Amino acid sequence: LGELVLEPEVVAVGELICELAATLYGAAGEKGVEVAAIHTPGSSLVYADPLRLRQVVYQLLQNAIKYTDGGSIFILFHVSPDRVAHLVVSDTGKGMSSETLGDLFECLVSAMRSRDGREGAGLGLSTAYRLLQMMGGTITATSAAGGGSCFHCHWPVQPIPP
């Protein structure tokens with residue numbers, strides 16, 4: 001991501017998640033997918049780059065919708081007492097093989113696998129991965145073919161300046 005610089009400000013993450021879920025509600029509804037967002041009231045204010053955080057959440061939600069037919073997507077956000085933000089996006093979609101999980105966050109992987117019926121350029125998850133790294137965080141995924149997927153994002157929460 002080269003010269004990208006984070007521009008942190010106070011972000012209401014719970015509201016950001018609900019706004020993005022509402023934005024993607026039509027696409028989810030067309031596929032018969034329910035989306036539920038849960039966040040701990042009072043802990044969703046963080047000091048972060050809202051544009052970059054939005055990109056991460058959007059990519060995870062978009063992928064969950066893309067690979068889920070007639071199921072559910074759950075989004076959970078909270079900040080732990082040790083000031084670490086936790087974002088979990090899980091779905092009941094078609095899941096992934098262990099081979100796919102192994103290089104899931106590599107750039108252009110989806111494009112190389114297009115013959116498997118996957119659509120997309122393969123940039124979204126690798127971008128989300130790199131953005132979370134810039135925030136000092138990580139993203140991991142668990143999945144099983146036919147059993148849905150779960151993405152876990154963690155990053156340290158910076159103190160909100162006075």
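Of the 162 residues in the protein, 41% are buried. Buried means under 20% relative accessible area, exposed means over 50%, and partly exposed lies in between (1.4 Å probe, protein chains only). This is a predicted model: local features need pLDDT of at least 70, side-chain atom pairs count only at pLDDT 80 or more, and totals for chains, interfaces and linings use all residues. Residues are numbered from 1 along each chain as its sequence is written, and side-chain values use heavy atoms, with hydrogens and water left out.

**Overall layout**

The protein has six helices and seven strands. Helices (H or I, at least four residues) and strands (E, at least two) are DSSP runs, numbered from the N terminus. Along the sequence the order is β-α-α-β-β-α-β-β-α-α-α-β-β. Contact means heavy atoms within 4.5 Å. Take the contacts between residues at least 6 apart in sequence: 69% of them join residues at least 24 apart. The protein exposes about 8500 Å², and carbon and sulfur atoms supply 56% of that area. Accessible areas come from the Shrake-Rupley method with a 1.4 Å probe; for residues, only the protein chains shown count as cover.

**Helix 3**

Helix 3 covers residues 50-66, which is 17 residues. From first C-alpha to last it reaches 24 Å, close to the 24 Å expected at 1.5 Å a residue. The expected span is 1.5 Å times one less than the number of residues. At the start of helix 3, a side-chain oxygen of Asp-49 comes to within 3.0 Å of the backbone nitrogen of Leu-51.

The buried residues of helix 3 are Arg-52, Leu-53, Val-56, Val-57, Gln-59, Leu-60, Leu-61, Asn-63, Ala-64 and Ile-65. An α-helix has 3.6 residues a turn, so residues three or four places apart point the same way. Gln-59 sits in helix 3. Its relative accessibility is 14%, so Gln-59 counts as buried. Leaving aside neighbours within four places in sequence, Gln-59 is in contact with Gly-124 and Leu-125.

Leu-125 belongs to helix 6 (residues 124-134), where it is buried along with Ser-126, Ala-128, Leu-131 and Leu-132. The buried residues of helix 6 pack against helix 3, strand 6 (138-143) and strand 7 (149-156). After helix 6 comes Gly-136, with a positive phi near 85°.

**Salt bridges**

How many salt bridges does a search of the whole structure find? It finds two. A salt bridge is a side-chain nitrogen of Lys or Arg within 4 Å of a carboxyl oxygen of Asp or Glu.

| Pair | Closest N to O distance |
|---|---|
| Asp-69 and Lys-31 | 3.1 Å |

Glu-19 lies in helix 1 (residues 13-23) and Arg-54 in helix 3, so the pair ties together parts that are 35 residues apart in sequence. The C-alpha atoms of Arg-54 and Glu-19 are separated by 9.8 Å. The 2.8 Å approach of these side chains is also a polar contact. A polar contact is a pair of N or O atoms within 3.5 Å; within protein, one must be able to donate a hydrogen and the other to accept it, and residues adjacent in sequence count only if both atoms are side-chain atoms. Not counting residues up to four places away in sequence, Arg-54 touches Leu-16, Glu-19 and Leu-20. Both partners are partly exposed: Glu-19 at 42% relative accessibility, Arg-54 at 28%.

Asp-69 forms the salt bridge with Lys-31. This pair links distant parts of the chain, 38 residues apart. Asp-69 is in the loop between helix 3 and strand 4, and Lys-31 is in the loop between helix 2 (25-30) and strand 2 (34-39). Asp-69 is exposed, at 62% relative accessibility. Lys-31 is partly exposed, with a relative accessible area of 26%.

**Surface and loop details**

Which residues form a nonpolar patch on the surface? They are Val-10, Leu-45 and Ile-160, with about 250 Å² of accessible area together. Patches are made of residues with over 30% relative accessible area and no salt bridge: like charges are joined within 9 Å, nonpolar side chains (Val, Leu, Ile, Met, Phe, Trp, Tyr) within 5 Å. Val-10 is in strand 1 (residues 9-12). At 43% relative accessibility, Val-10 is partly exposed.

Arg-83 lies in the loop between strand 4 (72-79) and strand 5 (84-91). Its phi is near 65°, a positive value in a residue other than glycine. Arg-83 is partly exposed, with 40% relative accessibility.
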